[in-house]
Amino acid sequence: MKRLTVICGPTAVGKTAYAIQLAQKLGTEIVSCDSRQFYNELNVGVARPSADELAAVKHHFVACRPVTKPYNAFDYEHDALQLIEQLFEAHDDIVAVGGSGLYIDALCHGINLMPDPSSELRSTLSARIRNGELPAMLDELKRLDPDYYAIVDHRNPIRIQRALEVILTSGRPYSQLIGRPLPERRFLITKIALRRDRDTLRNRICRRVDMMVADGLIEEAHGLIPYRDINTLNTVGYKELFAHFDGATTLNQALDNIKNHTWQYAKKQLTWLKRDPEITWVDL
RNA sequence: GGGGGAGUCGCAUAGCGGCAAUUGCAACAGACUGUAAAUCUGUCCUCUUCGGAGUUCGGUGGUUCGAGUCCACCCUCCCCCA
């Protein structure tokens with residue numbers, strides 16, 4: 001049976017190096033599931049593997065699309081699955097690495113098929129949220145899909161928006177669409193989550209941010225100013241520098257913010273991974 | 001030496017007689033099915049059987065039914081003139 005080994009864990013634990021070593025040992029290639037390393041324009045700020053690392057093992061889904069083209073977990077599932085089937089023709093093992101929990105879940109278990117909302121609908125709904133119409137939207141949701149209304153976080157506008165998008169374009173309750181069983185993967189999945197003690201991880205994060213600066217993070221962010229309103233650029237490491245470019249913070253404050261926010265992100269990743277019973281934890 | 005201003009729960013900030021005390025950040029925990037490094041929630045003086053209870057606003061006294069808020073003195077810091 002073919003096997004996919006997924007390497008996950010918080011940012012800056014050392015997933016990249018671990019995955020490369022494993023892939024070399026298994027004589028195989030790497031599929032990234034990092035929602036930010038997909039993009040051509042994002043390099044040092046998203047800790048893309050170095051040129052040497054990319055040369056050591058063939059990587060997929062790294063720097064493969066422009067930030068201007070929207071992408072999501074469902075598209076990723078589709079693309080990655082297709083690629084994986086293809087890679088299994090030549091390999092018994094494949095290594096996947098990444099820190100984006102939703103994308104890892106999409107790869108390992110899939111996401112229910114739902115119709116794509118038109119971009120008009122999406123922008124209409126987000127405009128309504130900006131205009132403070134969330135309560136009215138909640139009423140709509142209550143009427144159209146009481147089951148989902150009962151469980152969603154009423155204060156999370158994105159959740160409400162998404163549910164309405166799906167309901168309005170499919171004509172069916174969102175709660176029905178997300179509940180359906182998903183087909184099992186036709187390959188074995190082993191999930192390994194890397195872990196380090198808090199202090200070590202925190203230090204690694206701080207050191208890595210300093211290294212990113214030495215590697216040109218500030219210049220990279222500066223060059224990305226034209227794209228700053230794209231959601232993909234709403235990313236730790238860039239948004240803090242955009243604020244600095246605006247004069248809202250000093251450079252040192254911006255870098256401190258990046259370190260803190262990266263740490264918060266690492267904890268959020270851990271929270272996501274903790275509830276996954278399939279994971280085997282490995283202490284580094 | 002003279003004049004002015006300020007000390008609030010880790011940091012910053014509100015507060016001008018009814019306050020365990022505003023807001024932001026940080027911290028801690030959590031949610032998450034197509035924006036996910038996104039978005040959102042809870043806790044955040046101490047104890048709590050989660051109903052409350054006990055201690056707080058530089059210090060010491062005082063005025064008041066009641067003081068972070070008013071008065072006196074003291075301590076510390078900042079600014080201006082010398």
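Q: Before the confidence figures, what is pLDDT?
A: pLDDT is the predictor's confidence in each residue, on a scale from 0 to 100. It applies here because this is a predicted model.

Q: And what is the mean for chain A?
A: Chain A has a mean pLDDT of 94, and 100% of its residues reach 70 or more.

Q: What are the ipTM and pTM?
A: The model has an ipTM of 0.92 and a pTM of 0.91.

Q: How is chain A split into domains?
A: The domain assignment gives domain 1 as 3-112 + 185-194 + 274-283, domain 2 as 119-179 and domain 3 as 197-271. Taken over C-alpha atoms, the centres of domain 1 and domain 2 are separated by 31 Å.

Q: Which helices supply at least two residues of it?
A: α3 (73-87), α4 (101-108), α8 (157-170), α9 (174-179) and α13 (251-274) each do. The largest share, 10 residues, comes from α13.

Q: You listed Phe74. Where is it, and what is it in contact with?
A: Phe74 is in helix α3. Leaving aside neighbours within four places in sequence, Phe74 is in contact with Ala106 and Ile111. From Phe74 to Arg185, 111 residues apart along the chain, the C-alpha separation is 15 Å.

Q: Why does Phe74 count as partly exposed?
A: Because Phe74 has 15 C-beta neighbours inside 10 Å, and a residue needs 20 or more to be buried and 12 or fewer to be exposed.

Q: Back to α4. Which of its residues are buried?
A: Gly101, Tyr103, Ile104, Ala106 and Leu107 are the buried residues of α4.

Q: What covers them?
A: The cover over the buried residues of α4 includes β1 (3-8), α3, β4 (93-97) and α13.

Q: What follows α4?
A: Gly110 follows α4, with a positive phi near 90°.

Q: Which other residues have a positive phi without being glycine?
A: Ala12, at about 75°, and Ala63, at about 50°, are among them. Most residues other than glycine have a negative phi.

Q: Where do those two alanines sit?
A: Ala12 is in the loop between β1 and α1 (15-26), while Ala63 lies in the loop between β3 and α3.

Q: And what about their burial?
A: Ala12 is buried, because 24 other C-beta atoms lie within 10 Å. Ala63 counts as partly exposed, because it has 18 C-beta neighbours inside 10 Å.

Q: Changing topic: how many residues are in the largest nonpolar core?
A: The largest nonpolar core has 50 residues, and Ile7, Val31, Val95 and Ala96 have the most contacts inside it. Its largest share, 5 residues, comes from α13.

Q: Which domains does that core draw on?
A: The core takes at least three residues from each of domain 1 (3-112 + 185-194 + 274-283) and domain 3 (197-271).

Q: What does Val95 touch?
A: Neighbours within four places in sequence aside, Val95 is in contact with Thr5, Ile7, Ala19, Leu22, Ala23, Leu26, Thr28 and Ile30.

Q: Last, the loops. Is Lys58 buried or exposed?
A: Lys58 is exposed, because 12 other C-beta atoms lie within 10 Å. Lys58 is in the loop between α2 (51-56) and β3 (59-60). Its contacts, leaving aside neighbours within four places in sequence, are Glu29 and Ile30.

Q: And Arg180, buried or exposed?
A: Arg180 is exposed too, because 8 other C-beta atoms lie within 10 Å. Arg180 is in the loop between α9 and β5 (188-195).

How values were computed:
Residues are numbered from 1 along each chain as its sequence is written. Chains are lettered from A and ligands numbered from 1 in the order in which they are written. This is a predicted model: local features need pLDDT of at least 70, side-chain atom pairs count only at pLDDT 80 or more; totals for chains, interfaces and linings use all residues. Helices (H or I, at least four residues) and strands (E, at least two) are DSSP runs, numbered from the N terminus. Domain bounds come from an automatic or database domain assignment. A nonpolar core is a set of buried Ala, Val, Leu, Ile, Met, Phe, Trp, Tyr and Cys residues joined through C-beta atoms within 7 Å. Two residues are in contact if their C-beta atoms, placed from the backbone, lie within 7 Å.
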